[in-house]
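The following explanation is written for a reader who meets this structure for the first time. The sequence and the model should be kept in view while reading.

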Amino acid sequence: MDLRCLSVLSFLLFLGFPPISALGSVAGTDEDFTEDLLLKPLPDRKVLSHFHFETSAPHTSIYGRHHRIFPKAVYQLVHKFRIREIELSFTQGRWNYERWGGFDALSSQNAKPPGVELWASFDVPPDEVDLTWKNLTHALSGLFCASINFLESSTAYSAPQLVPRFNLSGIRYGSLPREAVCTENLTPWLKLLPCRDKAGLAAILDRPSIYKGFYHSQRLHLVSSEFGPNEGVGAGIILVQTLTTVLQPDFQRTDEISLQPSWSISSIFGRKIPGQCVLARLSNVFLELEKGLVVELEKLGLEHVNMKGLLKNPIFELSGTPDKLVGEVSQKSSVFYEFNVNKYAVDDPLDLGITWKLPMVWSCLLAPFHATRFLMGSGNERGSIAISLRSLHSDLGLSSSEFEYSPLGKHGCTVRVVIFQVVPWYVKVYYHTLKIFIDGKTYALSDVIEKMHVSPSEDELSPGMMEIMFRLPCDMQSATIIVDFDKGFLHIDEYPPDANQGFDIPSAIVSFPDFHASAYLTDKSLSNESLLLFRFQEKNHVQSYTEVLLVPLTTPDFSMPYNVITFTCTVLALYFGSLLNVLRRRVGEEERFLKSEAAMKPGLLPNLLTKLSSKLRRKSPQPPSSSPPSSSSFVSLRLLLKVILVAVLAIVWHYYLNDN
């Protein structure tokens, strides 16, 4: 009996199962997968949809290397490149911070710049970070069918230090603002889900509906405690996949212009939710009414946006009955209506929708400052980059209790702002020309700059990087930072195919270390179950991205090489054609051939004259003799002069091109 038990145990260990003594610990630390969907009406008559998929795997030392839910491709990347944290995003469109919000937890985490953004932190020696980064970009490029491998060049990535979110060791950051996002990137992203897009919330992801929207961003964020000082501590590997879209619902024209359009899941995505993924522990759909909307609803008579007031109210109507209602601790805050997907199936799908009965106008939570970036100057030699910060709370002031600010003794109330900007090497920025204007007045840099980290660019080696932490007055209305630059010259092989369109400078990151965006919910049990709401309760630094700059550079005349090639080929063809004609031509044989033809085929008039003269002289007619058109020596001399002339022209043209 003991031998049989020992053999069974050995067989289980061979298959990768944990030992019997560890079964108790494994039962409490198993793989986990949850899926959530957040729907939110926006003030500008659009709808925000946010898909949140979270997959976790225990530590390898406890669970082993074989997984049934966690994607194997991601697990191999983590262990091959010793990744501690990584984030990759593919974005189409630009987040509107003034209309869609910039101070909530969703926008702070999921509002991304156009194109591809990648940053990663490695647990490798400092001298191996760059090589690990290059290998990682190639692996991700093949995994997601994208041009991420362009970030392998040292001119495309940097190492930030002052940005709060990038406060990690061994970190590298890079972005590709011109990368196009399409279904080739979304399909590999969906394949990382346990049910892919065949079941669960991902089943409603209709490609045409997603890509015709105003904004679309798919994000992958991974945190690993497999390496580093936290090795063996925590949840092992946590993979968060989010998909954020802003769509315009289809609506008919009504007499009420300000009436919000009514919508449902089927009208937006063209599909209904057929139920939850069988491998998901939780599957929920949330409808969020943000703070500004709740305040306006209470003004119209809906005193408490609770379950009782929800079912019967004169303002809006839901297509289904929610299972729970969760609000924030503070009064007049956002509320979340929860719908459990496990109650629905294919024959009874979930089609959540909202129908508006009265016009509604409200505003979103805005960041302390709205950041914009633009170019100054004209011409193809030099210019200036300007970053403008405009206060969005001039009526309330930043000293309101709604925000957290840092008073600084003699300086009074100030707000810290961190600006991180990376420019290509061919945009040569002169950092000594940095100037700052606050409310139209020039300030000394020592009065407003707390920290500064600058890395000048090197030609074809590294980009220019600028990180500055400012302390700006709380009561200011606007601030502008200006820095000058010169436009460099590129080799003809370094220009892209559409060089005349211009060159893109990646978006700058504007962070506010003193401000945190988080939601404090009343129902703690729900926040522990729903990982989406749990992430919303984490303190995230408020940050925003500026526009992508399009810098025109001096471009050569790309048609000139074509003209040179065609002209040179024409000259060579004339030269070699004439040379071959001289070498292959036989003048004597041609003359004899012409004489024989002339003799065999005389003209009609010569024949008549010959016959007439012969009759008169009573002699037999003879063929008329024809003199040669030209002597052979004269023909050969003319051809030789022609060849010499062509050769001289070719030599002169060759030396002229070399001198230029």
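The model is a predicted one. Strands of a sheet pair through backbone hydrogen bonds, and they may do so in a parallel or an antiparallel manner.

Strand β1 covers residues 32-41 and strand β10 covers residues 282-289; the two run parallel and are joined by six bridges. One point of reference is aspartate 36, whose bridge partner in β10 is asparagine 284.

Another pair of helices, α4 and α7, may be considered together. Helix α4 spans residues 72-81 and helix α7 spans residues 129-144; their axes come within 11 Å and cross at roughly 170°. Because angles over 145 degrees count as roughly antiparallel, α4 is described as roughly antiparallel to α7. On the side of α4, the contact involves Ala73, Leu77 and Phe81, which meet Thr132, Asn135, Leu136, Ala139, Leu140 and Leu143 in α7. By class, the residues of this contact comprise seven nonpolar and two polar ones, with no charged residue.

Rolling a probe the size of a water molecule over the atoms shows where empty space is left. How many cavities of 30 Å³ or more does a search of the whole structure find? The search finds four. The largest cavity holds about 90 Å³ of space. Its lining includes Val74, Leu77 and Val78, together with Ile83, Ile86 and Leu88. Leu136, Leu140, Leu143 and Phe144 also line this cavity, as do Leu220 and Leu222. The elements that contribute two or more residues to the lining are α4, β3 (83-92), α7 and β7 (215-224). Of these, α7 provides the largest share, with four residues. The lining has twelve nonpolar residues, and neither polar nor charged ones.

Attention may now turn to an open sheet of five strands, arranged in the order β15-β16-β23-β19-β20 with antiparallel pairing. Its edge strands are β15, residues 369-376, and β20, residues 441-443; each pairs on one side only. On average, neighbouring strands of this sheet are turned by 30° against each other, direction ignored.

Strand β16, residues 382-391, pairs with strand β23, residues 478-487, in the antiparallel sense over nine bridges. Here arginine 382 has aspartate 486 in β23 as its bridge partner. Strand β23 is also joined to β19, residues 427-438, by eight bridges, and these two strands run antiparallel. In that pairing, isoleucine 438 stands opposite alanine 479 in β23.

Strand β19 continues the arrangement towards β20. What do β19 and β20 form? They form a hairpin with two residues between them, and aspartate 439 in the turn has a positive phi of about 55°. The pairing of β19 with β20 is antiparallel and extends over three bridges. Across it, isoleucine 436 stands opposite tyrosine 443 in β20.

A further set of pairings involves strand β14, residues 353-356. This strand is joined to β9, residues 263-264, by two bridges, and the strands run antiparallel. The bridge partner of tryptophan 263 is isoleucine 354 in β14. Strand β11, residues 316-318, likewise runs antiparallel to β14, with three bridges joining them. In this case phenylalanine 316 stands opposite tryptophan 356 in β14.

Technical notes. Residues numbered from 1 in each chain as written. Predicted model: local features only at pLDDT ≥ 70, side-chain atom pairs only at ≥ 80, totals over all residues. Heavy atoms only, no water. Axes fitted to C-alpha atoms, helices over the stretch in contact; angles between N-to-C directions. Parallel < 35°, antiparallel > 145°, perpendicular 65-115°, else oblique. Contact = heavy atoms within 4.5 Å. Nonpolar A, V, L, I, M, F, W, Y, C, P; charged D, E, K, R; others polar. 1 Å grid on protein atoms, 1.4 Å probe; cavity = no way out; pocket = protein on both sides within 12 Å on 5 of 7 lines; lining within 4 Å. Points joined across faces, edges and corners; volume = space filled by probe spheres on them. Pairing = 2+ DSSP bridges.
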